[in-house]
Amino acid sequence: MNKFFIKITYIGLLCMSIASCSSDGELDTVLDDGSSTSGITGDYVAAIGVPDAWISPDMASPEAPETWETEQIGYYFVEYATGSDTDNTYGTPTAPRKTIPFPVPAGSYVVVSGNYNYIQNDIKLRGEGTGETWVAGESGPVWVVSDTENRAEITDKKMLLSGSYVYLDGFYFHSGGRIQLGSNQPGSPVDHILIRNSEMKGEVDVAGGVLINTVGLKDDPASDIIIYNNKAHRIGPLDSDVDIDARGCSIQSYTSNMWVVNNEFSNSSAGLQVEAGTLENQPTAHHIYIARNHIFDIAQAGIGIKYALDIIISENVIHDIIDTPWSPAKGIGFQYAPDRVWILYNEIYNAYTGIRGGSDNGGAGTNGKSVFIIGNFIHDATIDGTAHNGATSGLGIEINNGATPRYIINNTIVNSDIAVANGYYNSTMIIENNVFSNTRDFDVMLEDSYQTGTLSTLRNNHFDAEAKITWSNGVTHDLASFQAAFDKGEGCISADPLFVAANGDDFSLQAASTAVAAGLTPSALTLDVYDHFETLYGLNIKVDINQVARPTTSAWNMGAYTN
């Protein structure tokens, strides 16, 4: 397939105990199971539609002193098992401090060696960094990094991180160890935090919990946070008969301007969730960017959005989502009044539902115009690979109970039981410029007991030679009979889409495809979603799933691919 499959690499800008320099100049990272990944550090480039943060998350850290036999201002060496804080302000590798100073002053470089098994119930790390240039002992961010020879570990405790300009690099949280940004107790604001190149490994036999989360309060909000190039995995059972809220990452109310990028979330009861908690708190969880993550072997939902605003989910690869008795498996799910949620250019496969939308709870869409599903490649959404004549799983996109519009634009959906459907109550779907192919039951299936067919739009979509559409009347139509019955379907085409190599997983279009140059230009869409995005965020998303620029004047291709 043309869509670049993201392989998450644990790069580590320092050669730490979790990383060793290979002979070819790459950094090889050894994970807890003995396996490794490798990659060359380089300049981070943001995903489509994601703005740059205040720093590049792969920026170089300060370096340890070349000669560190005596204490040096601003440079701390900490080893809990053997260290001492008595007459030992900074510590050295041969005479380490026992504890991380509290708070950690600006311009600090703190190396933590081994298991930091501090006696407190929670390990409190507070930094007083600044946004100025880093000068040892004087100014700039606080760096807290793993030792290169003895990996920093947090076990059986929660690290409560707070303060400003704190950059944590290369830690291993496991055996009950986890990290929380902010606190439920007042007095712990969080801003300009970077967590990178770390691993969070949970426990299978837990009934809840989270490996990394934010806690913001009205007077102590959490903002400007980057979670980059980490691995969070193995929390909660995957086969439970009851709802287990054990998550890799949880972003809660009073959290804003947060980047969760280039991470791996796997083998957990839930993946990543953004939840403001209530409609009243909806405006407090906003501008969250979830991009280029690899999410797999997750129960119920890879990414979930509840009560939140201005959420951009871009270029993630999400697959093998596990169905549960209490919640259908979906790659991305949203419900309870989300608004200005942008699901852009993701690849989703091996899930019963690729993208599933729930109710807007009466609160979405007033100004933001609701949820936008643009440029995604969804494939192999199926129950078991056979037709079920009205399956309610095996759905590329399912929209439920959304009075405000859900815009489904320029997606390619192949090898599903049903490409697009609504499941319950009235929904408004704007379905334009998509390619639907090899559906076993229906290309579009709208329940006949609701007004979704009256409220929704279907224009300039490409179906196989035998289109299968049921539009709120219980009758299966081909394209011609659908157009005649409903006076809808303008610009739609029913023909072989002529993928470049469907058997080779390349679902871009041959030059002779009837989907080429047959789509609506942005200005001709029911809503110019591309212009709307640029107006809101100042970024151009007029590209395809491979970041190839779309035409500026001529007609667009249908589907996720320009060529």
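Reply: Here is a short walk through those features. This is a predicted model, where local features need pLDDT of at least 70, side-chain atom pairs count only at pLDDT 80 or more, and totals for chains, interfaces and linings use all residues. Residues are numbered from 1 along each chain as its sequence is written, and side-chain values use heavy atoms, with hydrogens and water left out.

Me: Which residues lie nearest the centre of the second largest pocket?

Reply: Rolling a probe the size of a water molecule over the atoms shows where empty space is left. A pocket is an open set of points on a 1 Å grid over the protein atoms alone, where a 1.4 Å probe fits, with protein on both sides within 12 Å along at least five of seven lines; lining residues have an atom within 4 Å of a point. Here, 24 residues line the second largest pocket, and Gln300, Lys306, Ser327, Lys330 and Gln335 lie nearest its centre.

Me: Which strand gives the largest share of that lining?

Reply: Strands are DSSP runs of E, at least two residues, numbered from the N terminus. The largest share, 5 residues, comes from β24.

Me: Is Cys249 buried or exposed?

Reply: Buried means under 20% relative accessible area, exposed over 50% (1.4 Å probe, protein chains only). Cys249 is buried at 1%, and Cys492 is buried at 11%.

Me: How many disulfides are there?

Reply: A disulfide is a pair of cysteine sulfur atoms within 2.5 Å. The count comes to 0.

Note on methods
Helix = DSSP H or I, 4+ residues; strand = E, 2+ residues; numbered from the N terminus.
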